[in-house]
Amino acid sequence: MAKFNIKKNDTVIVLAGEDKGKTGKVLKVLVEKQRALVEGVNMVSKSAKPSAKNPQGGIVKQEAPIHISNLSLIDPKSGKPTRVSVKHEGKNVIRVAKKSGEEIK
């Protein structure tokens with residue numbers, strides 16, 4: 001199974017595709033499919049039947065998964081895309097931005 005540097009609630013930027021340059025928060029990571037749901041990115045229209053939650057029905061806009069390779073973590077210090085390194089402090093694993101050396105929370 002692949003290991004990803006991107007986790008839920010990280011802020012990422014889209015590197016390729018229709019939404020290139022957009023940023024958003026990761027809502028969910030789909031490990032088996034190597035994809036992630038990012039808030040406000042890769043929006044698709046989906047038909048919805050009327051239900052108790054949505055009594056009108058109609059067309060609903062929602063996020064579709066985007067491939068992990070098209071995403072890059074945003075450096076907390078500079079706000080630019082960065083790669084990630086991992087540091088081990090005892091039993092703790094800490095993700096660190098390569099550009100600034102800042103810890104990613």
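**Figure 1. V38 in strand β3 of the predicted model.** V38 lies in strand β3, where a strand is a DSSP run of E at least two residues long, numbered from the N terminus. This residue is buried, at 1% relative accessibility; buried means under 20% relative accessible area, exposed over 50%, and partly exposed in between, with a 1.4 Å probe and protein chains only. V38 and V26 are 12 residues apart in sequence, yet their C-alpha atoms are 4.4 Å apart in space. Apart from neighbours within four places in sequence, V38 is in contact (heavy atoms within 4.5 Å) with V12, G24, K25, V26, L27, E63, I66 and L71. The model is predicted: local features need pLDDT of at least 70, side-chain atom pairs count only at pLDDT 80 or more, and totals for chains, interfaces and linings use all residues. Residues are numbered from 1 along each chain as its sequence is written, and side-chain values use heavy atoms, with hydrogens and water left out.

**Figure 2. D19 in the loop between β1 and β2.** Strand β1 covers 11–14 and strand β2 covers 23–30, with D19 in the loop between them. Is D19 buried or exposed? D19 is buried, with a relative accessible area of 11%. Setting aside neighbours within four places in sequence, the contacts of D19 are V14, V41, N42 and M43.

Figure 3. The predictor's confidence in each residue is pLDDT, on a scale from 0 to 100. Over the chain the mean pLDDT is 93, and 99% of the residues reach 70 or more.

**Figure 4. The chain around these close-ups.** The chain has 11 strands and zero helices, a helix being a DSSP run of H or I at least four residues long. Its radius of gyration is 17 Å, well over the 13 Å that the globule rule gives for 105 residues, so the chain is more spread out than a compact globule. This radius is taken over C-alpha atoms, and the rule is 2.2 Å times the number of residues to the power 0.38. Along the principal axes, the C-alpha atoms fill a box of roughly 55 × 30 × 25 Å. Buried residues make up 29% of the 105 residues. Of the contacts between residues at least 6 apart in sequence, 38% join residues at least 24 apart.
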